[in-house]
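Subject: Structure handover

Hello,

Please find the structure for your files below. My notes on it follow, starting with the charged pairs and ending with the backbone.

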Amino acid sequence: MTRTNLANAEKISRLLFNAIEKNKLVAAGKSEEQLNAEVSALATDQFGIAEHWHKKIVRAGSNTLAIYPDNPSNRVLAADDIVFIDYGPIVEGFEADLGRTYVLGNDPIKLKLKNDVEKAWYEIQGWYQQHTKLPASDLFQFCVEKAREHGWSFGGAIAGHIVGKYPHEQPADPKSLELDIHPDNHNDMFLPDANGDKRHWILELQFVDREKQIGAYFEQLL
């Protein structure tokens, strides 16, 4: 039932992201911290989401180049900004992990970046689903190639990780990369967990243009 539970957690999280757009929360003049607080309140008030298993991320402009461990300075959203939101809600004890990109204004390059990262996500998912055995490092490299194919650079240190019932499985060695889609993780993604159960992976893509100082992000259950 784990996949069903995770799919339900993602379904509720998608409704949250739909509500972000419906309520036009992503708007110029707000700081990243303000928008983050508004999204958190919306998650609790409308969807009963009170807990999140990872830090709540809102990044705009040049901050969209930052990777997960970074904590860039709070930035105010500009009228022509690119923005992404990355949340990890816990829904009925199971983890979701959803990331989406928003473009304020009509900049064609930013719109292309937003659309390309989403399109590439589904292209990579289709490729992954053709396999029954696949090293995580191979999937990471395929993501890097997809970014290049669409005209961008791959900005993430990883291209995903596992999720599950909160808290999800942890490696015996805290420094191990075996549960991340990382270039140095050569383990088969289809290997079961320590209990013999199927693992469930998140695919996260961050495409960037370092010259223009912009990035876009798309993330959900693989």
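**Salt bridges**

Lys146 and Glu123 form a salt bridge, with their closest N and O atoms 3.0 Å apart. Lys146 lies in helix α4 (residues 136–149) and Glu123 in helix α3 (residues 108–128), so the pair ties together parts that are 23 residues apart in sequence. A salt bridge here is a side-chain nitrogen of Lys or Arg within 4 Å of a carboxyl oxygen of Asp or Glu. Helices (H or I, at least four residues) and strands (E, at least two) are DSSP runs, numbered from the N terminus.

Before going further, a note on the source. This is a predicted model, in which local features need pLDDT of at least 70 and side-chain atom pairs count only at pLDDT 80 or more, while totals for chains, interfaces and linings use all residues. Residues are numbered from 1 along each chain as its sequence is written, and side-chain values use heavy atoms, with hydrogens and water left out.

The cut-offs are under 20% relative accessible area for buried and over 50% for exposed, with partly exposed in between (1.4 Å probe, protein chains only). Glu123 and Lys146 also belong to a network with Glu149, joined by salt bridges that share partners.

The structure holds 9 salt bridges. Side chains of opposite charge can pair when their charged atoms come close. Another of the pairs is Lys30 with Glu38, whose closest N and O atoms are 2.5 Å apart. Lys30 is buried, with a relative accessible area of 14%, and Glu38 is partly exposed at 24%.

A further salt bridge joins the side chains of Arg199 and Glu169 (2.9 Å, N to O). This pair links distant parts of the chain, 30 residues apart, and both Arg199 and Glu169 sit in the loop between β7 (160–163) and β8 (200–209). Arg199 is buried at 13% relative accessibility, whereas Glu169 is partly exposed at 23%.

**The chain as a whole**

The chain has 4 helices and 9 strands. Along the sequence they follow the pattern α-α-β-β-β-β-β-α-α-β-β-β-β. The radius of gyration is 17 Å, close to the 17 Å that the globule rule gives for 222 residues, so the chain is as compact as a globular protein of that length. That radius is taken over C-alpha atoms, and the rule is 2.2 Å times the number of residues to the power 0.38. Along the principal axes, the C-alpha atoms fill a box of roughly 50 × 40 × 30 Å.

Of the 222 residues, 51% count as buried. Among contacts with a separation of 6 or more, 66% come from residues 24 or more positions apart; a contact means heavy atoms within 4.5 Å. The chain exposes about 10700 Å², of which carbon and sulfur atoms supply 49%.

**A buried leucine**

Leu113 is in helix α3 and counts as buried, at 0% relative accessibility. Which residues does Leu113 touch, not counting those up to four places away in sequence? They are Ile82, Trp152, Phe207, Ile214, Gly215 and Ala216. Leu113 and Asp209 are 96 residues apart in sequence, and their C-alpha atoms are 8.7 Å apart in space.

**Backbone details**

The peptide bond from Tyr166 to Pro167 is cis, with omega near -10°. Pro167 is in the loop between β7 and β8.

Two residues other than glycine are noted here for a positive phi. Phi of Glu92 is near 55°; Glu92 is found in the loop between β3 (90–91) and β4 (94–95) and is exposed, with a relative accessible area of 68%. Phi of Gln213 is near 60°. Gln213 lies in the loop between β8 and β9 (214–221) and counts as partly exposed, at 39% relative accessibility.

Regards

Notes. Areas by Shrake-Rupley, 256 points an atom, 1.4 Å probe, with all protein chains shown as cover.
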